[in-house]
Amino acid sequence: MNKLFPASKIYISQSKISKAGRGVFAQVIINEGEIIESCPIIEISEYDSPRINETMLVSYIYFFGKNKQRQVITLGFGSIYNHSYTPNAHYKSRLSEKIIDFIAIKEIKKDEEITVNYNHGDSKEKRPLWFEVR
């Protein structure tokens, strides 16, 4: 396993997105194509999945697979990135390595909130989400 280091380019603060709670922000300018953070993940077993779905943790889960059959909790700041249909970052899974990378898709200014499209990290996907977007 490769070494993972804490992200030094980001911080958590109150989101400027209505009713979103906390969000992840750039501590420095982050250039397009730059990895913002590599987050370790914990895969949720089929046995545990129904129980997790009945808790507040379901709001912090990433779904993978054609039918969203794989669920993971993302450590680091990974579960705090907020959704946007016009994101400035996307995520790419490396499930075999148990990692999700968050990558800038355009320059992100210092103190700008970093957002991703929750539709599998696809910045162009506009399908409705499994929850109401505010």
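Trainee: Where is Lys-98 found?

Mentor: Lys-98 lies in the loop between β7 (89–94) and β8 (99–104). A strand here is a DSSP run of E with at least two residues, a helix a run of H or I with at least four, and both are numbered from the N terminus. This is a predicted model, in which local features need pLDDT of at least 70 and side-chain atom pairs count only at pLDDT 80 or more, while totals for chains, interfaces and linings use all residues. Residues are numbered from 1 along each chain as its sequence is written, and side-chain values use heavy atoms, with hydrogens and water left out.

Trainee: Why is Lys-98 called partly exposed?

Mentor: Buried means under 20% relative accessible area, exposed over 50%, and partly exposed in between (1.4 Å probe, protein chains only). Lys-98 has 49% relative accessibility, so it counts as partly exposed. Its phi is positive, about 60°, although Lys-98 is not a glycine.

Trainee: What makes Lys-19 exposed?

Mentor: Lys-19 has a relative accessible area of 68%, so it is called exposed. This residue sits in the loop between β1 (10–14) and β2 (22–26). Lys-19 also has a positive phi of about 60° without being a glycine.

Trainee: Why is Tyr-81 counted as buried?

Mentor: The relative accessibility of Tyr-81 is 1%, so it counts as buried. Tyr-81 belongs to the loop between β5 (70–74) and β6. Contact means heavy atoms within 4.5 Å, and beyond residues up to four places away in sequence Tyr-81 touches several, including Ile-10, Val-24, Phe-102 and Ile-114. From Tyr-81 to Arg-22 there are 59 residues in sequence, and 8.3 Å in space, C-alpha to C-alpha.

Trainee: What makes the pair Tyr-81 and Glu-37 a polar contact?

Mentor: The term needs a pair of N or O atoms within 3.5 Å; within protein, one must be able to donate a hydrogen and the other to accept it, and residues adjacent in sequence count only if both atoms are side-chain atoms. The side chains of Tyr-81 and Glu-37 make such a contact at 2.8 Å.

Trainee: Which side chain does the side chain of Asp-101 meet in a polar contact?

Mentor: That of Ser-38, at 2.6 Å. Asp-101 is in strand β8, and its 7% relative accessibility is why it counts as buried. Ser-38 is also among the residues closest to the centre of the second largest pocket.

Trainee: How many residues line the second largest pocket, and what classes are they?

Mentor: There are 14 lining residues, with 7 nonpolar, 3 polar and 4 charged. Asp, Glu, Lys and Arg count as charged; Ala, Val, Leu, Ile, Met, Phe, Trp, Tyr, Cys and Pro as nonpolar; the others, Gly among them, as polar. Strand β3 (residues 35–44) gives the most to this lining, 4 residues.

Trainee: Why are β1 and β6 (82–83) said to stand at the edges?

Mentor: Their open sheet of 4 strands has the order β1-β2-β9-β6, with mixed pairing. β1 and β6 each have a single partner strand, so one side of each is left without a neighbour in the sheet.

Trainee: How do you know that β2 and strand β9 (residues 113–116) pair?

Mentor: Two strands pair if DSSP finds at least two bridges between them. β2 and β9 have 2 bridges, in the antiparallel sense. Val-24 stands opposite Ile-114 in β9.

Methods:
1 Å grid on protein atoms, 1.4 Å probe; cavity = no way out; pocket = protein on both sides within 12 Å on 5 of 7 lines; lining within 4 Å.
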